[in-house]
Amino acid sequence: MAGFPSPFMIRALELAREASAEGEVPVGAVVVRDGKIVGEGRNAPRRDHDPTAHAEMLALRQAARTVGSERLSGCDLWVTLEPCAMCAGAIVHARIRRLYYAASDPKGGAVEHGARVFDHPQAHHRPEIYAGLGEREAAALLQDFFRDRR
């Protein structure tokens with residue numbers, strides 16, 4: 001595993017900043033295969049009027065189109081925030097090999113918090129998980145975003 005700063009987490013953080021500039025919760029994600037980004041996304045539920053338009057979902061959708069398969073075996077997902085239950089479920093179905101996320105999400109996360117989707121017997125796939133890469137930067141983006149809205 002490459003040390004931080006990873007170019008993939010750096011790109012995810014750039015996408016999170018773009019989301020924030022558009023008034024979306026600052027979360028960015030990239031899907032990587034063979035060292036190359038094959039899908040990326042940033043939070044866009046407000047822009048797209050779509051409650052499923054989370055950064056991970058958009059990145060997974062783009063990667064599946066790029067790869068030409070709904071199975072993303074051999075792909076890694078880099079995201080700036082611990083995935084929610086919906087995104088964790090999509091990660092299972094996509095068969096993502098490794099999940100790298102920056103900031104933990106005690107309120108809405110479903111990997112190390114809440115539902116802990118990958119720990120359920122019904123989860124037929126579990127990615128390798130690496131947390132905390134770029135955590136300080138991702139957490140600062142989120143804190144600034146929510147502080148500015150209070």
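Student: Which residue lies over the face of Phe-145?

Tutor: Happy to start there; this is a predicted model, where local features need pLDDT of at least 70, side-chain atom pairs count only at pLDDT 80 or more, and totals for chains, interfaces and linings use all residues. Residues are numbered from 1 along each chain as its sequence is written, and side-chain values use heavy atoms, with hydrogens and water left out. A charge sits over a ring if NZ of Lys or CZ of Arg is within 6 Å of the ring centre and within 35 degrees of the ring normal. At 3.6 Å from the ring centre of Phe-145, the residue over its face is Arg-149.

Student: How many aromatic pairs are there?

Tutor: Rings of Phe, Tyr and Trp (its six-membered ring) pair if their centres lie within 6.5 Å; planes under 30 degrees apart count as stacked, over 60 as edge-to-face and the rest as tilted. By this rule, the number of aromatic pairs is four.

Student: What is the angle between the planes of Trp-78 and Tyr-100?

Tutor: These two rings form a stacked pair, 3.8 Å centre to centre. The angle between their planes is 10 degrees.

Student: Is Tyr-100 buried or exposed?

Tutor: Buried means under 20% relative accessible area, exposed over 50%, and partly exposed in between (1.4 Å probe, protein chains only). Tyr-100 has 4% relative accessibility, so Tyr-100 counts as buried.

Student: Which residues form one aromatic cluster?

Tutor: Tyr-100 also stacks with Tyr-130, at 5.0 Å centre to centre and 20 degrees between the planes. The one cluster consists of Phe-8, Trp-78, Tyr-100 and Tyr-130.
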